[in-house]
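Subject: Structure for you to look at

Hello,

Here is the structure I said I would pass on. Please open it first, then read the notes below alongside it.

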Amino acid sequence: MNYRIIFILTLIHFTGDFYSSFFTPLLPAFVDKFGLTLAQVGLITGMVRFLSFIVQPVTGYLADRYETRSFVFAGLFLAFFFIPFSGIAPNFWVLMIILCLGSIGSSMFHPSTTGMVPLYSGTRTGFSLSIFNTGGTLAFAAGPVFITWYTTRFGLEQMPYTVILGAIAFFFCIRYLPVPISENFSHLGFIGSIKENLGKVYKSIFLIWLVMVLRAVTGQTFMTFMPIYLTDKGHDLVSIGFIFSIFILAGTLSGLLAGYLADRTDAKKIFFIAHALMTPALLLYLYLPGPLVYIGSFTAGFAALATLPLGVVMAQKLAPKSRSMVSSLMMGFAYGLGGALSPFIGKLGDIYGLENVLFYSAFIPIITLLPILKFPRVA
């Protein structure tokens with residue numbers, strides 16, 4: 001296990017996701033500034049996730065085909081440079097364009113860096129991917145606290161100055177990140193490479209992907225709309241940032257634990273236990289009153305985000321020659337498709353009430369238990 005390279009890959013993941021995390025906790029501020037409806041909130045979120053859905057598989061294929069750092073650094077630049085300018089967006093449409101550019105950046109660096117992790121992890125792929133995933137989840141824990149404090153103290157208009165932090169990490173990673181090793185699929189083409197690497201395991205890959213999509217629907221619904229729900233319940237912007245960060249931090253801890261256990265036992269068992277606990281944990285998050293919501297946020301995040309690295313680990317072991325491609329399927333493709341339903345979820349919230357939508361969304365993980373039972377056992 002090459003800790004130095006794993007650290008650099010984790011830093012890239014942390015930096016890109018740190019900026020990507022700014023949007024959700026600031027939703028109440030954007031709703032207030034532009035008078036957004038829940039459907040408009042869902043439209044922005046859905047477009048951001050949809051771009052992940054479209055861009056990541058293509059980038060994953062290209063990352064397996066070409067030995068280049070361009071996807072990593074172009075993506076990281078788009079994320080840390082554009083997203084801070086959302087604070088000075090003059091209207092809804094400019095806000096959406098800025099966030100979409102940042103989303104494209106995030107979608108570009110994820111498959112390339114995730115595909116590199118197994119090359120430097122030795123026999124500890126599950127643990128290494130959990131460390132890498134921790135970079136992202138820690139970013140989504142620290143980012144909301146930072147940006148809600150920053151905008152409360154200095155205002156949305158001062159957000160562009162936060163690019164300085166990203167620029168420092170960007171130039172550090174340019175100096176020390178090695179060139180990725182491709183799988184030389186140039187002679188196969190896009191469809192040919194899929195047939196070559198997924199032909200024998202496509203059913204198993206599909207089941208894992210389906211579970212990851214359904215997990216993403218629930219996770220994205222709560223991550224997108226809970227800040228607005230909590231605002232309606234009387235929480236201020238800073239406390240919402242802390243609640244959101246606790247949710248992500250709990251997922252960081254559970255992801256590390258799940259990755260550690262995946263190197264020592266069957267990941268299928270961990271999947272089943274986490275998804276069985278997800279519904280009661282999300283209901284606690286939704287209904288615990290007052291300060292107890294912090295406990296609910298921790299339990300919900302611990303259950304909802306535990307399996308995020310496991311889907312990638314299982315897919316990479318089933319298709320080891322297409323690391324970036326299957327990583328993009330389990331992360332961007334699943335995450336993006338799940339999040340692309342946000343406009344529909346938002347519209348349902350406008351019609352039937354946000355609390356009702358969140359309540360029924362909490363039961364989606366129950367549906368995943370049957371396909372999890374059909375998962376293959378991956379050594």
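F73 is buried, with a relative accessible area of 10%. F170 is buried as well, and its relative accessible area is 10%. Please keep in mind that this is a predicted model. The rings of F73 and F170 form an edge-to-face aromatic pair, with 5.9 Å from centre to centre and 85° between the planes. F73 sits in helix α4 (residues 70-82) and F170 in helix α7 (residues 163-176), so the pair ties together parts that are 97 residues apart in sequence.

Helix α7 has another pair to look at. F172 and Y176 form an aromatic pair that is tilted, at 4.8 Å centre to centre and 50° between the planes. These two residues are 4 residues apart in helix α7, which means that about one helical turn separates F172 and Y176. F172 is partly exposed at 33% relative accessibility, and Y176 is partly exposed at 31%. The count for the structure comes to 32 aromatic pairs.

Next, the salt bridges. How many does a search of the whole structure find? The search finds 1 salt bridge. It joins the side chains of K233 and E355, at 3.9 Å from N to O. The two partners come from distant parts of the chain: K233 is in the loop between α9 and α10 (237-262), E355 is in helix α16, and they are 122 residues apart. K233 is exposed, with a relative accessible area of 51%. E355 is partly exposed, with a value of 30%.

Is F359 buried or partly exposed? F359 has a relative accessible area of 25% and is partly exposed; the cut-off for buried is under 20%. Leaving aside neighbours within four places in sequence, F359 is in contact with L283, L286 and Y287. F359 and L286 are 73 residues apart in sequence, yet their C-alpha atoms are 7.5 Å apart in space.

H275 is buried, with a relative accessible area of 0%. Which side chain does the side chain of H275 make a polar contact with? The partner is the side chain of T368, at 2.9 Å. Apart from neighbours within four places in sequence, H275 is in contact with V211, R215, T307, P365, T368, L369 and I372.

In soluble globular proteins, nonpolar side chains tend to be buried together. Here the largest nonpolar core has 103 residues, and those with the most contacts inside it are I44, Y285 and M330. The largest share of this core, 14 residues, comes from α9. If you leave out neighbours within four places in sequence, M330 is in contact with I205, I208, W209, M212, G311, V312 and A315.

S204 is a residue of helix α9. S204 is buried, with a relative accessible area of 19%; the limit for buried is under 20%. Setting aside neighbours within four places in sequence, S204 is in contact with L318 and P376.

The last item is helix α13 (residues 308-318). Of its 11 residues, 9 are buried, so α13 is largely enclosed by the rest of the structure. Which residues of α13 are buried? They are L308, P309, L310, G311, V312, V313, M314, A315 and Q316. G311, V312 and A315 were named above among the contacts of M330.

To check some of this yourself, start with the K233 and E355 salt bridge, then turn to the F73 and F170 pair.

Regards

Technical notes:
Residues are numbered from 1 along each chain as its sequence is written. This is a predicted model: local features need pLDDT of at least 70, side-chain atom pairs count only at pLDDT 80 or more; totals for chains, interfaces and linings use all residues. Side-chain values use heavy atoms; hydrogens and water are left out. Buried means under 20% relative accessible area, exposed over 50%, partly exposed in between (1.4 Å probe, protein chains only). A polar contact is a pair of N or O atoms within 3.5 Å; within protein, one must be able to donate a hydrogen and the other to accept it, and residues adjacent in sequence count only if both atoms are side-chain atoms. Contact means heavy atoms within 4.5 Å. A salt bridge is a side-chain nitrogen of Lys or Arg within 4 Å of a carboxyl oxygen of Asp or Glu. Rings of Phe, Tyr and Trp (its six-membered ring) pair if their centres lie within 6.5 Å; planes under 30 degrees apart count as stacked, over 60 as edge-to-face and the rest as tilted. A nonpolar core is a set of buried Ala, Val, Leu, Ile, Met, Phe, Trp, Tyr and Cys residues joined through side-chain atoms within 4.5 Å.
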